Each structure stands twice: as C-alpha cells, then as structure tokens.
Amino acid sequence: QAQLVESGGGLVQPGGSLRLSCAASGSGFSISVMQWYRAAPGKQREWVASITSGGGTNYAGSVKGRFTISRDNAKNMVYLQMNSLNPEDTAVYYCQWPRVGIWGQGTQVTVSS
C-alpha cells in the first residue's frame with residue numbers, strides 16, 4: 001500500500017533554512033510527479049512546488065527563488081530545501097503523490113524569533 005511520510009519540520013528563526021524530506025513507499029514513484037503543499041493557520045492548503053519524474057520543477061510565486069524541490073528516485077525520496085524563511089512560511093507542509101492520490105501526514109514548520 002502506498003504511503004508518504006514527511007520529516008524535517010521544526011522551529012527556525014526568520015532568515016533561516018530547513019530541509020523537508022518525504023519518503024514514499026509503493027510502486028511507480030520514479031515515473032510520478034510529486035508535489036509539496038502547505039496549510040497556514042486559518043488558511044486553505046496551497047500548492048508550493050512540483051517536480052516531474054525527469055526533474056522538471058515549478059514553484060508558487062511566493063516561494064520561487066527561496067525554495068528548491070528535488071528528488072532521489074533510487075531512494076524514493078522527495079525534498080524541499082527552504083531558505084530565507086519568513087513568518088509567512090509558517091504552516092504544516094504536506095507531500096502529495098497525485099498519481100496514487102495520497103498525502104502524507106504533514107510536518108510543522110514554524111518561523112519565529
């Protein structure tokens with residue numbers, strides 16, 4: 001059964017960095033688009049970034065130039081490197097596998113001094 005497990009969240013000061021990881025289990029990962037979403041307190045879940053099976057990437061305007069999505073198909077892993085974090089980035093971050101239709105449980109990122 002397919003599953004996603006995120007890790008790497010935490011508390012960071014403004015201007016800091018975090019790297020989120022998403023471990024995928026199940027078949028077909030290497031041919032799948034993978035995505036990161038986030039849900040800030042009191043707001044709807046919003047798309048953050050996508051990566052194709054071949055490594056092509058797209059980003060929401062609010063994170064472009066600060067966040068980098070990457071993947072390791074040999075390890076069934078997706079990553080989100082987040083730099084220059086600000087309080088508006090505070091949210092629960094979710095990994096999504098559209099082809100299978102599943103989400104991870106989420107990992108909390110809090111940006112605060």
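The following questions and answers concern a predicted model.

Biologist: Which cysteines does the disulfide join, and what is the S to S distance?

Modeller: The structure holds one disulfide. A pair of cysteine sulfur atoms counts as a disulfide within 2.5 Å. Cysteine 22 and cysteine 95 are joined, with S to S at 2.2 Å.

Biologist: How many residues apart are cysteine 22 and cysteine 95?

Modeller: Cysteine 22 and cysteine 95 form the disulfide. Cysteine 22 belongs to strand β3 (residues 18-25) and cysteine 95 to strand β9 (residues 91-97), so the pair links distant parts of the chain, 73 residues apart.

Biologist: Is the disulfide of cysteine 22 and cysteine 95 left-handed or right-handed?

Modeller: Both cysteine 22 and cysteine 95 are buried. The torsion about their S-S bond is about -85 degrees, so the disulfide is left-handed.

Biologist: Which strands pair with β3?

Modeller: Strand β1 (residues 3-7) pairs with β3 in the antiparallel sense over five bridges, and there glutamine 3 has serine 25 as its bridge partner. Leucine 18 has methionine 82 in β8 as its bridge partner. Six bridges join β3 to β8, again antiparallel. The strands asked for are β1 and β8.

Biologist: How many residues of strand β4 are buried?

Modeller: In a regular strand the side chains alternate between the two faces of the sheet. Met34, Trp36 and Arg38 point one way from β4, while Gln35, Tyr37 and Ala39 point the other way, and all are buried. Strand β4 (residues 34-39) is therefore largely enclosed by the rest of the structure, the buried count being six of the six residues.

Biologist: Which residue in the turn between β4 and β5 has a positive phi?

Modeller: β4 pairs with strand β5 (residues 46-51) in the antiparallel sense over five bridges, with glutamine 35 opposite serine 50. The two strands form a hairpin with six residues between them. At about 75 degrees, the positive phi in the turn is that of glycine 42.

Biologist: Which residue in β9 stands opposite tyrosine 37?

Modeller: β4 also pairs with β9, in the antiparallel sense and over five bridges. Across that pairing, the residue opposite tyrosine 37 is tyrosine 94.

Biologist: Which side chains make polar contacts with the side chain of tryptophan 47?

Modeller: Tryptophan 47 is found in strand β5. Leaving aside neighbours within four places in sequence, tryptophan 47 is in contact with Gln35, Trp36, Tyr37, Asn58, Tyr59 and Ala60. Its side chain has a polar contact of 3.3 Å with that of glutamine 35. A further polar contact, at 2.7 Å, is with the side chain of serine 50.

Biologist: Is tryptophan 47 buried or partly exposed?

Modeller: Buried means under 20% relative accessible area. Tryptophan 47 has 28% relative accessibility and therefore counts as partly exposed.

Biologist: What is the nearest side chain of opposite charge to arginine 71, and how far away is it?

Modeller: Arginine 71 lies in strand β7 (residues 67-72) and is buried yet has no salt bridge. A salt bridge needs a side-chain nitrogen of Lys or Arg within 4 Å of a carboxyl oxygen of Asp or Glu. The nearest side chain of opposite charge is aspartate 72, at 8.2 Å.

Biologist: Which backbone oxygen does the side chain of arginine 71 reach?

Modeller: Not counting residues up to four places away in sequence, arginine 71 touches several residues, including Phe29, Met34, Thr52 and Tyr79. Its side chain also makes a polar contact of 2.7 Å with the side chain of asparagine 73. The backbone oxygen reached, at 2.9 Å, is that of threonine 52.

Biologist: What is the phi of asparagine 76?

Modeller: Asparagine 76 sits in the loop between β7 and β8 (77-82). At a relative accessible area of 21%, asparagine 76 is partly exposed. Its phi is positive, in a residue other than glycine, with a value near 55 degrees.

Biologist: What is the phi of serine 84?

Modeller: Serine 84 is in the loop between β8 and β9. With 44% relative accessibility, serine 84 counts as partly exposed. Serine 84 is another residue other than glycine with a positive phi, and the value is near 50 degrees.

Terms used:
Residues are numbered from 1 along each chain as its sequence is written. This is a predicted model: local features need pLDDT of at least 70, side-chain atom pairs count only at pLDDT 80 or more; totals for chains, interfaces and linings use all residues. Side-chain values use heavy atoms; hydrogens and water are left out. Helices (H or I, at least four residues) and strands (E, at least two) are DSSP runs, numbered from the N terminus. Buried means under 20% relative accessible area, exposed over 50%, partly exposed in between (1.4 Å probe, protein chains only). Lys and Arg count as positive and Asp and Glu as negative; His and the chain ends are not counted. A polar contact is a pair of N or O atoms within 3.5 Å; within protein, one must be able to donate a hydrogen and the other to accept it, and residues adjacent in sequence count only if both atoms are side-chain atoms. Contact means heavy atoms within 4.5 Å. Two strands pair if DSSP finds at least two bridges between them.
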